[in-house]
Amino acid sequence: MINADLPRIRFEVPLRPAFGSTFQPTGFPDIGAGTFDTFTDDGSTTPSLLVESVQSMANRLEATAWDHGAQQPVGLITDLPYIRVHRGTAPEEFLTSSRLEAHRIASAFVREATLDGTKMLDLITSQLGLENDKPLNFPAMAVALMGLDPFVLLHGTFFNNKAWWGQPRFTRAVSAVIEAHDVRRAVSGGRKSDSVRHALGDQSEGGGTSEGYGSVPFHRVEWTAREIRAMFAVDTALLRSYGLGEPRTELLTTLALWEIRSFLDGGLRLRTACDLEPVAKPTGNAGDLPERDELAARIAELLPQVTADLPTRGAITVLWNGEKPKKKTAGGAQ
């Protein structure tokens, strides 16, 4: 299907605005748009722009495998384990999951939840084999994570609580970014119009613009670019380093490719004013990116081989009660 023996599988896709010529990039607090200069071969620079960050793309790729309407994984991967968090005071009420949380199974909602009366912080500590005076065993931890949520190995996590000895990090194995090059600002504006209240009067008594009354002009900055590119990388060397065996490693690699293809096929409306579309097929160093149906078929073939050896299948439902956790130090002292 594709050459997965390379240490990295890379793809690049040229994009353009789906309508009009301008687009709205991602913004950062106190910074705004992420602008930078890129260097050409002759040493000259080109004004460039970060359209979508690596961290945001990680969330967008993972979201392709989650059915937000049904609040569960897409049908293709329902047999893969993941942690589903329900409210302790209302056990039928879904709150979040390891597929939605920024830190995945290291999320506070997972960490402070309980499974059959056992706190997840302690259960994860035990399953990962975290102990004092003991080196981190990443292959053994990777095997344990396959039984909790394999997507952690694709998208990474950081067990940053002091009670987790060694505080292990798992680097994301699939990465992506969207950049624009040779960019220019497209400055425009508008007015929030109030056809009812024509005069604001004494705003000290309320009823002014802070409450939403009145006509308010505003400006906005969008961008144009000579070139917009989406870039993807799958770190197959990292996945092989876990020693999971061929079926599990191939499944994770194929899931990463399926996410990339699903993202490209699903419509790239990243924001209100940022709707992009591919203008050519993905090109890469390992062959053509397979079609979504082809990748899904291979995942369906691999899943029975992988899930047969896993301790659980599907959702691992835990209960979160919302209480403020007690302070806990390494070793369990409170």
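Trainee: What do the buried residues of H4 pack against?

Mentor: The buried residues of H4 are in contact (heavy atoms within 4.5 Å) with helix H3 (120-128), helix H5 (151-155), strand S12 (169-170), H7 and helix H8 (292-307). Helices (H or I, at least four residues) and strands (E, at least two) are DSSP runs, numbered from the N terminus. Keep in mind that this is a predicted model, where local features need pLDDT of at least 70, side-chain atom pairs count only at pLDDT 80 or more, and totals for chains, interfaces and linings use all residues. Residues are numbered from 1 along each chain as its sequence is written, and side-chain values use heavy atoms, with hydrogens and water left out.

Trainee: Thanks! Which residues of H4 are the buried ones?

Mentor: In H4, residues 138-146, they are Met141, Ala142, Ala144, Leu145 and Met146. Buried means under 20% relative accessible area, exposed over 50%, and partly exposed in between (1.4 Å probe, protein chains only).

Trainee: And what happens at the start of H4?

Mentor: There, Asn137 has a side-chain oxygen within 3.1 Å of the backbone nitrogen of Ala140.

Trainee: Switching to H7, is it mostly covered or mostly uncovered?

Mentor: Mostly covered, as 16 of the 20 residues in H7 are buried. H7 runs over residues 246-265 and reaches 28 Å from its first C-alpha to its last, close to the 28 Å expected. That expected span is 1.5 Å times one less than the number of residues.

Trainee: What comes just after H7?

Mentor: Gly267, which takes a positive phi of about 95°.

Trainee: New topic: how many salt bridges are there in the whole structure?

Mentor: A search finds 19. A salt bridge here is a side-chain nitrogen of Lys or Arg within 4 Å of a carboxyl oxygen of Asp or Glu.

Trainee: Can you show me a few, please?

Mentor: Glu52 pairs with Arg60, with the closest N and O atoms 2.5 Å apart. Glu52 is buried at 0% relative accessible area, while Arg60 is partly exposed at 25%. Another salt bridge joins Lys119 and Glu112 at 2.9 Å, N to O. Here Lys119 is partly exposed at 25% and Glu112 is buried at 14%.

Trainee: How exposed are Asp182 and Arg184?

Mentor: Asp182 is partly exposed at 21% relative accessibility, and Arg184 is partly exposed at 48%. Their side chains meet in a salt bridge of 2.8 Å, N to O. Elsewhere, salt bridges with shared partners link Glu12, Glu227 and Arg229 into one network.

Technical notes. Polar contact = N/O pair within 3.5 Å; in protein donor to acceptor, adjacent residues only side chain to side chain.
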